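Colleague: Could you walk me through this chain, step by step?

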Amino acid sequence: EKWFINNRLNRDNDLSAWIIYYENGNKKLERWWYNDQQHRNNDNPAWIEYYENGNKQCEYWWNNDQRHRDNDLPACIDYYENGNKQSESWWNNDQLHRDNNSPARIEYYENGSIKSKEWWINGQQHKDNDNPADIVYYENGNKKFERWWNNGQLHRDNDSPAWIFYWSNKGSKKREYLYQYDKLIKKIIY
């Protein structure tokens with residue numbers, strides 16, 4: 001079902017302007033539009049998808065047709081069918097972005113443990129002070145790999161590795177890659 005006002009997707013009174021249903025009658029998708037732009041006020045998601053069992057699959061916040069959410073809250077949240085979070089991402093004016101040295105994207109394993117963390121500034125992977133901007137974990141919680149990004153390029157100064165892989169059971173280094181501005185300089189295998 002879609003609702004239009006003056007030939008534009010739009011619906012008043014904070015009601016969704018686009019709804020799709022599963023064959024069993026449960027909602028599959030709800031989207032809020034204002035003057036043909038995805039938008040919803042009062043810090044409510046403008047896009048919600050559901051699993052066939054009725055549990056939420058995702059919630060996305062849109063402001064004037066851009067993924068965006070204020071107050072350091074995630075603008076995109078995806079869920080596993082069991083209701084646990086699958087991922088959260090922070091968006092500012094349709095760019096992955098988060099301030100205060102906090103990750104802009106976090107992924108979770110189905111059991112709730114952290115799968116990965118990514119730091120983004122203005123749509124580019126980046127983290128200051130020689131810290132990794134991308135950390136991926138094994139399901140046991142040990143680090144799988146770390147990557148250092150500088151303004152969207154795989155890079156690390158001082159002849160240091162920009163990509164480090166670790167063994168799952170030991171946590172010790174498996175191999176390292178030295179990158180300078182997205183160019184592979186050296187590979188080290190342990």
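**A hairpin and its neighbours**

Modeller: Gladly! In this predicted model, the hairpin formed by S7 and S8 has 5 residues between its strands, and there Gly54 takes a positive phi near 100°.

Colleague: How many bridges join S7 to S8?

Modeller: Strand S8 covers residues 56-60, and S7 and S8 run antiparallel. The number of bridges joining S7 to S8 is 4.

Colleague: Now the whole chain, please. How many strands does the protein chain have?

Modeller: Look for helices and you will find 0 in the protein chain. The strands number 25.

Colleague: What radius of gyration does the protein chain have, next to a compact globule of 190 residues?

Modeller: For a compact globule of 190 residues, the value would be near 16 Å. The C-alpha trace here spans about 60 × 30 × 25 Å along its principal axes. The radius of gyration of the protein chain is 20 Å.

Colleague: What percentage of the residues count as buried?

Modeller: To count as buried, a residue must have under 20% relative accessible area. The accessible surface of the protein chain comes to about 10900 Å², with 40% of that belonging to carbon and sulfur atoms. Of the 190 residues, the buried share is 43%.

Notes:
Residues are numbered from 1 along each chain as its sequence is written. This is a predicted model: local features need pLDDT of at least 70, side-chain atom pairs count only at pLDDT 80 or more; totals for chains, interfaces and linings use all residues. Side-chain values use heavy atoms; hydrogens and water are left out. Helices (H or I, at least four residues) and strands (E, at least two) are DSSP runs, numbered from the N terminus. The radius of gyration is taken over C-alpha atoms; the globule rule is 2.2 Å times the number of residues to the power 0.38. Buried means under 20% relative accessible area, exposed over 50%, partly exposed in between (1.4 Å probe, protein chains only). Accessible areas come from the Shrake-Rupley method with a 1.4 Å probe; for residues, only the protein chains shown count as cover. Two strands pair if DSSP finds at least two bridges between them.
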